[in-house]
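Trainee: I would like to learn how to read an interface and a ligand site. Please take me through one case.

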Amino acid sequence: MTPLLKMVNVTKRFGGLTAVNNFSTELQAGELCALIGPNGSGKTTIFNLITGIYVPSEGHIYLGGDDISGKRPDVITGMGIARTFQNIRLFKGLNVLENVIVGKHLRLQSNVASAVMRLPGYDREEKEMRQTGMELLESLGLARFAYDEPTSLPYGQQRKLEIARALATNPRLLLLDEPAAGMSPSDAEELMTFIQHVLKTFELTIFLIEHQMRVVMGICPRIIVIDHGEWIAEGNPEQIQNNDRVIEAYLGASDHA
Amino acid sequence: MRLSRNTILTLIALLVIAGLLALAQAFMNPYLLRILNLCAVYSIFAVTFNLIFGYTGQFSLGHAGFAAVGAYVAALLTLSPSQKISNFFLKPIVPLLANVELPFLPALIIGGIVASLVGSLIAWPALRLRGDYLAIATLGFSEIIRILLVNMQPITNGALGLKGIPAYTNLLWSWGALAVCLFVTKRLVDSSYGRAMRAVRDDEVAAEALGVNLFKHKMMAFAVSAFFVGVAGGLMANLISTIDPKVFIFTLTYQIVGITVMGGMGSLTGSVIAASLYTIFLELLRPIESQFTIGSLTVPGIPGMRMVIFSILLLVVILFYRKGLMGTREFSWDWVVNLIRRLKSGKKTGSSGEVKS
Ligand SMILES: Nc1ncnc2c1ncn2[C@@H]1O[C@H](COP(=O)(O)OP(=O)(O)OP(=O)(O)O)[C@@H](O)[C@H]1O
Ligand SMILES: [Mg+2]
């Protein structure tokens, strides 16, 4: 079976700094896979490469067999990859429901003229976007905030909203960049349960960045570890926990800290 | 089809306003008419700037240039062939334009289209830039347009400008154009496309990650905006009857930015209110720039004094209403109805003897 995501010898250099070095991996459809590594090890850069924010200096990235390296971010989203950000990036001037249906705009059929004239075709699409957006909020327990400003939501709910917004684009692959960052251990735990719920209800593949190993141990059957932009280990939680290189990388990192 | 209360109120309000404007057109003196026309023209300038900056977040300073294009196109298309001959006495006009004379409506629309094309052409490279760089680039392009107007003498008559442009602009044209501009802009920003534009304004990276084509949506805002700026330029040319490149120097853009900020970024109502207040105040302050006497003291006229006062006013507004007069609020009938209800109930409690009607 072709993997859903395939990265082949991907390298990203920023001037003299190699943020990602010769990185390869595969994700199968339906998987929940974690990407962990110490501070500044290149995790976010890998997501930025997959979503087209950066173009690989070398190597290729495939989504279900299509080469997506070098494509524009919005095109890649249209092909089925959605993401959240390490630092929450909600649209402050849009309410919660609007934040979500922005993610449906790319599937809009009506052109701008029929939108301005509110032709029946456009009205139907707009109604449908609102309806499915609302259903999405309901299924994620966010419906009561629908008409609130996103910044008025509690922190944990803002994180969920970012996930809801990404789901609105109908992705096949969902990339979550440290979704539990800044949360208490119990909130982080709850969010991980939430992510498992999302994985099952939306029949997705999820690639999840986490800084702390502990958080993903319970829910991710497979974990990839990088350090200094390089792949250093891969396996199930137990294997990772006992891997010498991983221990060294994490201890080394905390030595510097 | 059943019409909602708000639609009926809007229709009634439009009819009343149209009636009032028709009356004003018939009975007001030309000086006051000119001010009212300018209110509409500046309102269009502010509303369109709001579309680009307030809603799409692109700090473009090309308005004066787009207005110049619209003004010159409309002027050249409405000037009679004989007027053209007397205008272009230094160098004759290009034969292609010598004998055209169009009615006002097509002249305005063509002016808008050409401005929109020029705007899009400028936006093409400029939109790769962000923030301050976009501002500098568009400002530069706007000045290039003005310099071209000075130098393309066989088409524009150069620095001499164009005189005797037929004074077609009246209140129904100018306020009618404003109504169309408001309608289109409001419908656009409230649509899915407008939502995408607002998302781009709030966070480009996130918007793109959600599948919004940044370039396309910025371009759309530019093209629509520049079209109406061009139309407003045409209205202005056929209002003041004499234009030259100096009318469109960059201070015009600064005024538009100031007005829009004053009214509130993201409020079309605010743009119209601020533009009208600005135009009226500027006229009221005109005496300041000529010599006047207070008692035995004679104060010499200081040219540019009005702009100083406007700038101070702008500062005051920004200091006390950080988001402009209206913030992001819009006029709505619900607001009016609520206000009337509140006033009514206030009256009831105020005067106990009053009979409830
Ligand atoms: N646009 C950029 N320009 C220059 N250097 C960059 C850029 N983006 C990332 N880097 C560098 O690449 C390295 C990897 O950064 P990245 O953000 O991918 O790390 P990370 O694993 O996500 O770290 P964290 O756990 O702190 O989120 C860092 O040294 C960072 O400074
Ligand atoms: Mg990171």
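Trainee: How many residue pairs are in polar contact between chain A and chain B?

Mentor: A polar contact is a pair of N or O atoms within 3.5 Å; within protein, one must be able to donate a hydrogen and the other to accept it, and residues adjacent in sequence count only if both atoms are side-chain atoms. Between chain A and chain B the count is eleven residue pairs, both residues at pLDDT 80 or more. This is a predicted model: local features need pLDDT of at least 70, side-chain atom pairs count only at pLDDT 80 or more, and totals for chains, interfaces and linings use all residues. Residues are numbered from 1 along each chain as its sequence is written, chains are lettered from A and ligands numbered from 1 in the order in which they are written, and side-chain values use heavy atoms, with hydrogens and water left out.

Trainee: Which element gives the most to the side of chain A that touches chain B?

Mentor: Helix 5 of chain A does, with four residues. Helices (H or I, at least four residues) and strands (E, at least two) are DSSP runs, numbered from the N terminus. By class, that side of chain A has 16 nonpolar, seven polar and ten charged residues. Ala, Val, Leu, Ile, Met, Phe, Trp, Tyr, Cys and Pro count as nonpolar, Asp, Glu, Lys and Arg as charged, and the others, Gly among them, as polar.

Trainee: What area is buried between chain A and chain B?

Mentor: The size of an interface is often given as the accessible area lost when the parts come together. Here about 2,500 Å² is buried, and carbon and sulfur atoms give 61% of it. The area (1.4 Å probe) is summed over both parts. A:Phe91, A:His105 and A:Val116 supply 24% of what chain A buries against chain B, more than any other three residues.

Trainee: How many salt bridges cross this interface of chain A and chain B?

Mentor: Side chains of opposite charge can pair when their charged atoms come close. The rule (a side-chain nitrogen of Lys or Arg within 4 Å of a carboxyl oxygen of Asp or Glu) finds three across the interface. A:Glu126 pairs with B:Arg195, with the closest N and O atoms 2.9 Å apart. Over all chains the count is 16.

Trainee: Which residues are closest to ligand 1?

Mentor: A residue is near a molecule if one of its heavy atoms lies within 4 Å of it. Ligand 1 is surrounded by 14 residues, the closest being A:Gly40, A:Lys43, A:Thr44, A:Thr45 and A:Gln86. A polar side-chain atom of A:Gln86 is 2.7 Å from a ligand oxygen atom. For A:Glu178, a polar side-chain atom lies 3.4 Å from an oxygen atom of ligand 1. Helix 1 of chain A gives the largest share of the shell, three residues.

Technical notes: Buried area = accessible area lost by both parts, 1.4 Å probe.
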